Amino acid sequence: MSAVADNPNTLLGGADLTEATTEARPYLSIEGLWKAFGDFIALKDISLDIQEGEFVCFLGPSGCGKTTLLRAIAGLDLQTKGTTTQAGKDISSLPPSSRDFGIVFQSYALFPNLTIKKNIAFGLENTGRSKSEVEARVSELLELVGLTDQGSKYPAQLSGGQQQRIALARAIATSPGLLLLDEPLSALDARVRVRLRHEIKELQRKLGVTTVMVTHDQEEALSMADRIVVMNHGVIEQVGYPTEVYRDPATLFVADFIGEMNQIPAISGLSGQVQIGAADMICRPHDFGEGTSVVAAIRPEDVIPHGDGIRTTGADDVIITPENAFEVTVDEMEFLGSFWRCCLGSERFSNSELIADFSINAVRRLELAENKKLTIELPKDRLMVFAPGVG
Amino acid sequence: MAEISSTLPDGPTIKGRLSQDDIIMRFGMVMIAVYLVATMVLPMWTMLSKSFSTYHFDLAGYELQVSDDDGAFDGTILTPAALNTELGVVEPDDLTAGSDSRMGLTQFFPDFSFRSPVMYRVRNTSDTGRFLVGSELKTGTDWLELDSNTFRRVQMRPVKSTGLGNFVNYFSTPALFNSIKNSLFIAVISTVITVSLAFWFAYGLNRSCMRYKGFFRLVAMAPILVPSLLPGIALVYLFGNQGMLKELLFGASIYGPIGIVIGSVFFTFPHAFIIISTALAISDARLYEAAVSLRSTPWRTFWTVTIPGARYGLISAAFVVFNLVITDFGLPKVIGGQFNVLAVDIYKQVIGQQNFEMGAVVSVVLVVPAILAFAIDRMVQSKQVALLSARSVPYQPAPNRKTDNIFLVYSIAVATFILGILVICQYAALIKFWPYDLSFSLRNYEFDRMDGGGWGSYFNSIQLAFLTAIIGTCVIFFGAYLVEKSNGFKTGRALFQMFAMLPMAIPGMVLGLAYIFFFNNPDNPLNFVYGTMAILVICTVTHFYTVSHLTAVTALKQMDREFESVAASLKQPTLKLFRRVTVPVCMPAILDISIYLFVNAMTTVSAVVFLYSPTTTLASIAVLNMDDAGDIAPAAAMGMMIFYTNAGARIIHLILTRKLLGRTQAWRAR
């Protein structure tokens, strides 16, 4: 059983879809897809549904098979086994030219000897459009990507970000039903990348075109996608909304790949209990059964500092000792601008170090410094338990 | 997360449907592959099988009856074999034959007279036997009765068999196999000299601040523009029996190894220079900075940085030169004298003795070192690529008065040698009658008065060069595009790549001879191209296919791999992309290929020497034939015509490239 089937959201559409469309047939459907390069299996039994108008990101480390999956969807490198259906039509064995998609590559692949206008017009020629129609469409697209006055330049005369926008304009010129983006922003520098993220997302929303983007950059995926498909070693680890894959990672890999995550070797107890070192903790429900070796995980920003170890709530000064609270020593502190990253040590944690991100306010309020002791709490709904990773 | 098995499930494998583009591209690739098979693989195969075909007279294959003076037969059946055992007229060695040999029967009858009234009966003992009566071929086992006068014209035809006989014959004839030693000797000596000369020349141009680098670079390339036999003619004028500087040889003869080596150094120099110069140009300045900061002496730096950096270039240059020299035919033909080498042996066997089988044997012998040298060169070149790094910093030489001057003097010496050869040829072409009448005249340009086809052959050469450049560039570039950019079809593409690499390993003489065997066969449906301009074009395109193909592939590899994907996603035909983007972007490479083919078509001798007909004589062959006929001055004149034509073509190519780049490559400027 794969994570896809486990996840109730697999069949759901984007965040803003209504009940009615949820039940509609998916626009793009991948079923039991395998891809082998000789003996190496790059994709293993991939199944995935994408709704019309959705923006989906394939996220994973390099070599995880995300680009292979994209190229299979485009028909550029056919899958070995499995079917792909687009708009109700089986496209599994069609050549790219018989499919309905536009594509943008990391290298932009703009034709260097053609002007910007001619690049955009390339796909509009021989489609029954008159010359003036083509010209009008090109102008419209140039305006859409905000490069109206650059039309007669050559690609090499534009900046990387501009070139990427032209590649995008060329890909959507023929109004394809599906837009494929293969690491479109990786070749750009950081600032341009952040700006283009918003532009592409906005454009996609405006056009309502179903979009699949491949990226290895989690920030990109979290900020742009309606849904994220996290991949590793040729399998889908999790499919979910950005908030979901961040807050409720399905596997240790997802937990580790997206955001920061403390990983502490532990022994599982009954559901909702885990033993870390000598300490028994309350955690999210799990079904590992007692005595299994597991990994307890918590994000650094979820660790709550309590100063002297006692929390007061309300005005009547009732003192409560929270669950999952214990004393630690601050071993190291690192100032990272908007917060402090603290390295915490505790006897109860055997050898593991715990990383915690504390706000500047909290550090000031608790007068934290290196070698100081404090009590921290690992909130029980934030403490997760996973099967140990493969490697 | 549940475990997923890591083996493919059963069930149908997805087979992609081919788009129209895929079909067109595969069809195109198959067409060009068929072209290569028909113009290279099959001819070479024919030649190989020819070298294993032996012919001999089978004396037991015939039966004879002789009548008495009244024409009455007594039924006694004789065989030439039995008669020969008795009389011993034919030695066993004499029974070895060529495919065209024939042998009369009358010699087995010592008292034969064509006037006698005696009648003869003759027949084959098997259905495969053949004999001639006059020019009429007789097969079958029926008795044929002939009078004495007709019997005189009966000739046995040899029987064909397959075996190593030709090779045994070759290696037991010292006059033949000595050529192997000679060829290797010449090739090794020339290689050592050329590579050393070219290395220091390239070193001077790349690593010193001497002046006139552009001029020297130009001069170094000049020998490419002339046929390889032209330096031979110049050497005859310089050191021949009536040579101007004959005394410098102290009695040694220029006709022989000395002449061949000097001439080979001349015509292989540019090839070695280009390769070594490229190798020296890519050296990384950071290594030299490191050497200086480690206080290495210049001498040590040279041996620990420069030579290792250029070693692949040096090895590659050595093998290229070796290959050029050992396969060259024109130069040893002109100045080799009695010194036999393999390439000339092929010519002598085929043209001189009409012994095609032996020609094929020598060809096979020549192909072995050529293919070896080629294979090693390919291996070395693939390593050279790995040496390049994007982070290398180009080396900038610092001026040094002393070494700069040494290199200037050295370069002047080399340039003098190259220009000297050309000037001598031009001088020889312009004087009336060396050494008796030194006044100038244009008489030597009246080619129509000489053997070799006259001015017609010059214009034939121009035609050949244009056709080769145009057709060859189209075929080769399109073929390279198909093989580089089409999808799937892996086996087909690998096979195609192999075919495209083969021509380089095949010496021109061998290719030409293979063409005779293949195209001159009346049973071959392609027989009609034999003796036409078409076969010369085909042969030349094939002969120079590999370098052009590699140039095209290199240019195509620099194109974004995703252009085709983008075009497909935009539903535009690949051929439109080819026309609108690939060709314009690769135009510099395309022009390079066409000038390469043009120049080589003008200068080539080896492959076409077997294939020209009286209506398709060529300038380069005319040089050879006029020289052969003793018209050395007109030969020099024609050689220089080729030089000026090629130089002109180069200049036009340069202008054209500039113009085209200006127009179609505006995008290159930022």
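How many residue pairs in polar contact, both at pLDDT 80 or more, are counted between domain 1 of chain B and domain 3 of chain B? The count is zero, where a polar contact is a pair of N or O atoms within 3.5 Å, one able, within protein, to donate a hydrogen and the other to accept it, with residues adjacent in sequence counted only if both atoms are side-chain atoms.

## Model and confidence

This is a predicted model, in which local features need pLDDT of at least 70 and side-chain atom pairs count only at pLDDT 80 or more, while totals for chains, interfaces and linings use all residues. Residues are numbered from 1 along each chain as its sequence is written, chains are lettered from A and ligands numbered from 1 in the order in which they are written, and side-chain values use heavy atoms, with hydrogens and water left out.

The model scores ipTM 0.82 and pTM 0.84. Chain B has a mean pLDDT (the predictor's confidence in each residue, from 0 to 100) of 88, with 97% of its residues at 70 or more. Within chain B, confidence is lowest in strand S3 (residues 96–97), at a mean of 78, and highest in helix H18 (residues 533–543), at 95; helices (H or I, at least four residues) and strands (E, at least two) are DSSP runs numbered from the N terminus.

Chain A averages a pLDDT of 86, and 89% of the residues score at least 70. Over residues 1–22 of chain A the pLDDT is below 50, although this stretch has 36 contacts (heavy atoms within 4.5 Å) in the model beyond near neighbours in sequence. Where pLDDT is low, the predicted coordinates should not be read in detail.

## Domains 1 and 3 of chain B

The domain assignment, which is automatic or from a database, divides chain B into domain 1 (20–48 + 457–618), domain 2 (56–160) and domain 3 (168–433).

## Interface of chains A and B

The area buried between chain B and chain A is about 3,900 Å², with carbon and sulfur atoms giving 64%. Three salt bridges are counted between the chains, one of them joining A:Arg71 and B:Glu562, whose closest N and O atoms are 3.2 Å apart. Across this interface there are 14 residue pairs in polar contact, both at pLDDT 80 or more. Helix H20 (563–569) and helix H21 (574–585) of chain B are the elements that give two or more residues to the side of chain B that touches chain A, a side with 20 nonpolar, 11 polar and 10 charged residues.

Key. Buried area is the accessible area (1.4 Å probe) that two parts lose on being put together, summed over both. A salt bridge is a side-chain nitrogen of Lys or Arg within 4 Å of a carboxyl oxygen of Asp or Glu. Ala, Val, Leu, Ile, Met, Phe, Trp, Tyr, Cys and Pro count as nonpolar, Asp, Glu, Lys and Arg as charged, and the others, Gly among them, as polar.
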